[in-house]
Amino acid sequence: MNKKLKAVIALVMLVLILLIVKVFLNNHLTSVADVQNYLKSFGVAAPLALTLFQAFQVVVPVVPGYLGCAAGAVAFGPWVGFLCNYVGISLGSIIAYFLARRFGVRIVLTMFSEKTYNKWKRRLENSRSYEKFLFAATILPLFPDDFLCYFSGLIDMDDKRFVGIIAAGKPWCILAYSLGFGLLA
């Protein structure tokens, strides 16, 4: 089997697995309580489960990231919740970037609608200040930063620069969520 055929088969398998998981989680994790109950099922490994869950929810955007942030802060307190959320979301962001680098627009269109892709592509593809915009989007809540991680993998953005923006920008919004939700616990 040649390399191109192997890559296509791998991509199709990856997309099918991601879609199956996405459908499952969309139907089962719809609230903070659902996520907390899911995490509790892991016992002492729950912090690791939260970290992996947060990484996964960036790569396969099935639930809003704040659900995991809220569940982590309430379940583990604001500081442990913050650490799990930050590591997981940052790891997922980096994975999404490299998936887009490897598989291109095909994987992005599997995760997001063509309408969303085209809207952001028009807005950002010729932006001279995309890196500043990405940094701001990682700091502020409610931006489509999962999409932007994939989008960043499609454009001519330096890998180290992307990782630096994620490492420096992600903690602020996650910390605010963690402290805010931690106070509610």
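Colleague: In which helix does Cys 149 lie?
Modeller: This is a predicted model, in which local features need pLDDT of at least 70 and side-chain atom pairs count only at pLDDT 80 or more, whereas totals for chains, interfaces and linings use all residues. Residues are numbered from 1 along each chain as its sequence is written, and side-chain values use heavy atoms, with hydrogens and water left out. Helices are DSSP runs of H or I with at least four residues, and strands are runs of E with at least two, numbered from the N terminus. The run that spans residues 145-154 includes Cys 149, and that run is helix 9.

Colleague: What is the relative accessible area of Cys 149?
Modeller: A residue is buried under 20% relative accessible area, exposed over 50% and partly exposed in between, with a 1.4 Å probe and protein chains only. Cys 149 is buried, because its relative accessible area is 0%.

Colleague: Which residues is Cys 149 in contact with, leaving aside its neighbours within four places in sequence?
Modeller: Contact means heavy atoms within 4.5 Å. Although Gly 92 stands 57 residues from Cys 149 along the chain, their C-alpha atoms are separated by 9.1 Å. Once the neighbours within four places in sequence are set aside, the partners of Cys 149 are Ser 93, Ala 96, Tyr 97, Phe 162 and Ile 166.

Colleague: At roughly what angle do the axes of helix 5 and helix 10 cross?
Modeller: Axes are lines fitted to C-alpha atoms, for helices over the stretch in contact, and angles run from 0 to 180 degrees between N-to-C directions. The axes of helix 5 (residues 78-103) and helix 10 (residues 159-184) come within 8 Å, and they cross at roughly 145 degrees.

Colleague: How do the residues of the contact of helix 5 with helix 10 divide?
Modeller: Ala, Val, Leu, Ile, Met, Phe, Trp, Tyr, Cys and Pro count as nonpolar, Asp, Glu, Lys and Arg as charged, and the others, Gly among them, as polar. On that basis, the contact of helix 5 with helix 10 divides into 16 nonpolar, six polar and three charged residues.

Colleague: Why does Phe 103 count as buried?
Modeller: Phe 103 lies in helix 5, and its C-alpha atom is separated by 9.1 Å from that of Leu 154, 51 residues apart along the chain. Phe 103 counts as buried because its relative accessibility is 13%.

Colleague: Which residue follows helix 5, and what is its phi?
Modeller: Helix 5 is followed by Gly 104, whose phi is positive, near 75 degrees.
The protein as a whole has ten helices and zero strands, and of its 185 residues the share that counts as buried is 42%.
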